[in-house]
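Visitor: I have the sequence and the coordinates open, and I would like to go through them with you by question and answer. Shall we begin?

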Amino acid sequence: MSETDNERHKKRQQKLKEQVDERIRQAQQERGLVVVLTGNGKGKSTSGFGTIARAVGHGQNAAVVQFIKGNWECGERELLSAHGVEFVVMATGFTWETQNKEADKASAQQVWQQAKVMLTNPNLDVVLLDELTYMISYHYLELEEVVAAILQRPQQMSVIITGRGAHRRLIEIADTVSEIQSRKHAFDSGLKARKGIDW
Ligand code: ATP
Ligand code: MG
């Protein structure tokens with residue numbers, strides 16, 4: 001790198017630093033966030049669980065609600081519950097395979113009752129509502145009831161929602177929304193879901 005390149009680089013970085021510093025100065029509000037992780041790409045639940053691990057690493061209190069029960073164990077559950085993270089898991093009913101709408105709806109409602117209690121717990125710093133979006137799209141849970149519970153949560157609590165096709169109302173009440181786009185997925189080339197990577 002020539003001297004002039006270096007100078008130019010330094011100027012650009014300096015300017016960037018000023019812009020970032022200014023944005024940090026402007027971010028003054030302190031309250032829990034609503035984060036929505038949606039889109040068709042892989043990484044929504046991974047990101048949600050990663051945030052729970054981050055909070056636990058800081059000694060915070062976290063809870064997880066899993067709205068879809070897969071037929072697999074879940075590595076995060078083993079690890080995080082050993083660290084005091086409370087899990088509510090849909091015990092029966094809705095998986096991708098079930099075809100009994102009434103039974104699925106009943107399971108969703110049952111899990112939601114427990115989620116609602118969590119959303120009022122002032123000791124919780126972060127709650128992950130994994131795969132919640134489908135419960136809304138399938139009309140298993142009432143949208144405005146879910147929205148109200150989230151908006152009325154204790155002030156310091158953050159809520160993370162994952163799942164494809166997040167309802168626009170969920171996007172509306174969120175502070176941060178990431179849409180994960182799929183560019184490629186191993187499944188499409190016939191690769192099996194992998195322990196430690198996919199679950
Ligand atoms: P992950 O749990 O790996 O972060 P996710 O939460 O973003 O995935 P889900 O729609 O909940 O995605 O999918 C759960 C399972 O489906 C995971 O095993 C994941 O690898 C797989 N999966 C995710 N995205 C795709 C995709 N675009 N095509 C095929 N399978 C996918
Ligand atoms: Mg997921």
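**A walk through the predicted model**

Guide: Let us start with E102, which is exposed, with a relative accessible area of 58%. Please keep in mind throughout that this is a predicted model.

Visitor: What is the pattern of helices and strands along the sequence of the protein chain?

Guide: The secondary structure of the protein chain comes to 7 helices and 6 strands. Read in sequence order, these elements follow the pattern α-β-α-β-α-β-α-β-α-α-β-α-β.

Visitor: What share of the contacts in the protein chain with a separation of 6 or more comes from residues 24 or more positions apart?

Guide: For the setting, the C-alpha atoms of the protein chain fill a box of roughly 70 × 45 × 35 Å along the principal axes, and buried residues make up 36% of the 199 residues. Among contacts with a separation of 6 or more, the share that joins residues 24 or more positions apart is 77%.

Visitor: Which residues coordinate the magnesium ion (ligand 2)?

Guide: Two side-chain atoms are involved, OG of the serine and OE of the glutamate, at 2.1 Å, and they belong to S45 and E131. The pair links distant parts of the chain, 86 residues apart, with S45 in helix α2 (residues 44–57) and E131 in the loop between β4 (126–130) and α5 (132–137). Buried is the word for S45 and also for E131, so the two residues that coordinate the magnesium ion are S45 and E131.

Visitor: Why does E131 count as buried?

Guide: E131 lies in the loop between β4 and α5, and has a positive phi of about 65° although it is not a glycine. Buried means under 20% relative accessible area. E131 therefore counts as buried, because its relative accessible area is 16%.

Visitor: Is H139 buried or exposed?

Guide: H139 is placed in the loop between α5 and α6, and its phi, near 60°, is a positive value in a residue other than glycine. Since exposed means over 50%, and the relative accessible area of H139 is 61%, H139 is exposed.

Visitor: Which residues touch the most other members of the largest nonpolar core?

Guide: In soluble globular proteins, nonpolar side chains tend to be buried together. The largest nonpolar core here has 35 residues, and those that touch the most other members are F67, L129, M135 and I161.

Visitor: Which elements each supply at least two residues of this core?

Guide: The contributing strands include β1 (34–38), β2 (62–66), β4 and β5 (158–162).

Visitor: What is the relative accessible area of T38, and with which residues is T38 in contact beyond its neighbours within four places in sequence?

Guide: T38 is found in strand β1 and is buried, with a relative accessible area of 5%. Leaving aside neighbours within four places in sequence, T38 is in contact with K44, G163, R164, G165, A166, I171, V177, S178, E179 and I180.

Visitor: How far apart are the C-alpha atoms of L80 and R8?

Guide: L80 has its place in helix α3 (residues 75–81) and counts as buried at 4% relative accessibility. Its contacts, neighbours within four places in sequence left aside, are F49, I52, A53, V85 and F87. L80 and R8 are 72 residues apart along the chain, and their C-alpha atoms are separated by 47 Å.

Visitor: Where is L191, and is L191 buried or exposed?

Guide: L191 has its place in the segment after β6 (176–179). From M157 it is 34 residues away in sequence and 39 Å away in space, C-alpha to C-alpha. At 52% relative accessibility, L191 counts as exposed.

Key: Residues numbered from 1 in each chain as written. Chains lettered and ligands numbered in written order. Predicted model: local features only at pLDDT ≥ 70, side-chain atom pairs only at ≥ 80, totals over all residues. Heavy atoms only, no water. Donors = N, O, S within 2.8 Å, 3.2 Å for Na, K, Ca; no water. Helix = DSSP H or I, 4+ residues; strand = E, 2+ residues; numbered from the N terminus. Buried < 20%, exposed > 50% of the residue type's maximum accessible area, 1.4 Å probe, protein only. Core = buried A, V, L, I, M, F, W, Y, C linked by side-chain atoms within 4.5 Å. Contact = heavy atoms within 4.5 Å.
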